[in-house]
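Subject: the two-chain model, over to you

Hi,

Here is the structure I promised to pass on. Have a look at it first, and then read my notes below.

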Amino acid sequence: MLYDLNVPWPVNNYHTKPNQNELNNLKNTIVTLHTLGYTHIAINFQINESIKVPLNQTQLINPIDIDLLKLELSKFPSLKLFTRITIVIYDPAKLQGLTKIQSQFDILAIQPLTEKALQMCVTNLDIDLISFNLGSKLAFYLKHKTIGSAVDKGIKFEICYNHLISGSIGITNSATNPVENLAFVKKNFFNNVLQLIRSSRSKGIIISSGANLPLQARNSEDILILLKTLGLDQSRAKGCITVNPERVLVNGRLRIKSFKQTILVDNSSSSNTLTNNDKEDPNKKSDANVYKKRLDDSSSGRLLKKQRKN
Amino acid sequence: MNRTNALERHLLTRCYDSQDRIEELLTTRYSLTGDQKPVIHFTQYKQTDKVKSLLHSEKSSSNNEISSTRRVNTRRDLQAYIKTTLNNQKKVIKKIQAYNRKKSSQSRQFPLDKMIKTFNIPQYDEFIGLNNLWQNYMQELLFVNKNKTIESIPSLTTILPKLSTADFNGCLLTVIQSKNTNFVGLRGIVVWDAQHSFLICVPSKNDSKEWNESKDKFSPSEMVGGFRLVPKHKSLFAFDVIIPNDESETECIGFTMIGSRFEFRSVDRSGKKFKGHAVDGIL
């Protein structure tokens, strides 16, 4: 099973809705990734810390219409879709209502822009993932102490490879000479990734596409070659697309489905109980009614029924 | 003479029962007119109960606490029982294997019921009552409010914390993930919730595993049933709670327990404040 935990949602605020063209583009990207072998795909809703989240209306917090997407992509039964939020943080004091946001998204990621914000993410917040904007120069030096303590806590770090292959998209607007700027982006990307690998001692890294277009998706072989070039060995590189993202997903899903990772609801599918979200009502995640099942449907239920009769 | 004769008196209490007799002996010994004896004759005297020493204090009988020795003994007896039962199971399994190896004896059926009786192997049916009790306890804990009526199922945020501190003796568990692949699919009623493992009593033959329902050939251990000691570490357990809606009891809710997060004694778990950790230890 391969994981891609970053397919951007086309809109970055709560006011506008994505148009049909953008939605089609998103669906095409997901299908492309699925044909490349990815089974678990998370749709990423990225917002700035200055954007006001409608905390009072819980059903509005998550703008991603996951039910509709699931329905339209139901042709692919092995495809599992999840939602993710990434909050770009500059000043950690501004971040509020995180518990309400947590309960609405499967994965909670944070993109710190300052060292103070990173420090706070690691020590105080209950998050799954930290991502950096690898295309531009990082404003601070990554210390092994900070990154290492995050890895110990189970927080993973994301490498988004779209900076490397997206070409001039998204860069042209600010630059006078796009070609030169593109070279800078690649230079920054390699610099930053090497710094991340050094400071984390190649532990706790995941790699994701961040693909805005179907053409930006890459298969696992290409990614493995990229990671090898960056200096990871075979098994660690493989962990970046299989084991580590799975743990991010499990961590995020358990926050919704379980009480402090002790007991979780739903035991219907034996293979992926920890991450499964088929039955869940996306608007009311703590509703227990959807998990009702008939005793005759499961084997242990039949055994229970038999002995209750006697 | 004004002497208490404490030493002699003490020695005499070991020989004579009644205080009067001792008094009499001592007065005759030192009286001026009576027979002054140079020696005391100490006889051996059969004690009915031990004479208490001077420092002895009476135990208060109202003390209801279980003494530590008794607790240790109970634990040791339980350990010994589990050990002998598991050993006996192994013996029966060995016998079945030996029987299967011999070609000549195939005509005669292996006397399984007799073996189970002689080796005193616990059977699943004996624990069904315990499981029914547990189901009632769970229904009361999770769904029933004070008026003993069920309007709707409460939300997960109220159910799950209750479950994490509940008692699991008597629960019907199914192992859905374990490091030891032999345990996967195993199910049975929890007999003892130890710190690092569950002792479960498993049904034999068709009920033993989900995929054994339509089989007619079983492995020796599946034929015997009895106890299994399943480690909690890196395992996932599933269980169902029946919703007490109506008489027919047709619906249930399934839950999964993460074994790695349950490695506490059930006594400690009841007041435990759980905390999320890195999930690397779960799988």
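Let me start at a spot where the two chains meet: Leu264(A) has Thr256(B) as its bridge partner in strand E6 of chain B. That pair belongs to a stretch where strand E9 of chain A (residues 263-265) and E6(B) are joined by three bridges and run antiparallel. Before you zoom in any further, keep in mind that this is a predicted model.

Now zoom out to the whole contact between the chains. On the chain B side, 45 residues are in contact with 37 residues of chain A. Several elements of chain B give two or more residues to that side, among them helix H5 (128-142), helix H6 (156-164) and strand E1 (172-177). E6(B) turns up again here, giving the largest share with eight residues. What kinds of residues make up this side of chain B? They divide into 24 nonpolar, eleven polar and ten charged.

Next, the inside. The largest nonpolar core has 107 residues, and Ile107(A), Leu173(B), Ile200(B) and Phe255(B) touch the most other members. Strand E5 of chain B (residues 236-242) provides the largest share of this core, six residues. As a bit of background, nonpolar side chains tend to be buried together in soluble globular proteins.

On to chain A, which has twelve helices and ten strands. Of its 310 residues, 39% are buried. You'll find an open sheet of seven strands there, with parallel pairing and the order E1-E2-E3-E4-E5-E6-E7. Its edges are strand E1 (2-8) and strand E7 (205-208), each pairing on one side only. From one strand to the next, the twist averages 30°. Within the sheet, E3(A) (residues 80-89) and E4(A) (residues 107-112) pair over six bridges, and Ile87(A) has Ile110(A) as its bridge partner in E4(A). Helix H11 of chain A (residues 243-257) packs on this sheet, with its direction at about 65° to that of E1(A).

Finally, how confident is the predictor about chain A? The mean pLDDT is 79, and 88% of the residues in chain A reach 70 or more. Do watch residues 170-175 of chain A, where pLDDT stays under 50. Where pLDDT is low, the predicted coordinates should not be read in detail.

Key. Residues are numbered from 1 along each chain as its sequence is written. Chains are lettered from A and ligands numbered from 1 in the order in which they are written. This is a predicted model: local features need pLDDT of at least 70, side-chain atom pairs count only at pLDDT 80 or more; totals for chains, interfaces and linings use all residues. A nonpolar core is a set of buried Ala, Val, Leu, Ile, Met, Phe, Trp, Tyr and Cys residues joined through C-beta atoms within 7 Å. A residue is buried if 20 or more other C-beta atoms lie within 10 Å of its own, exposed if 12 or fewer, and partly exposed in between; C-beta atoms are placed from the backbone. Helices (H or I, at least four residues) and strands (E, at least two) are DSSP runs, numbered from the N terminus. Two residues are in contact if their C-beta atoms, placed from the backbone, lie within 7 Å. Ala, Val, Leu, Ile, Met, Phe, Trp, Tyr, Cys and Pro count as nonpolar, Asp, Glu, Lys and Arg as charged, and the others, Gly among them, as polar. Two strands pair if DSSP finds at least two bridges between them. pLDDT is the predictor's confidence in each residue, from 0 to 100. Axes are lines fitted to C-alpha atoms, for helices over the stretch in contact, and angles run from 0 to 180 degrees between N-to-C directions.
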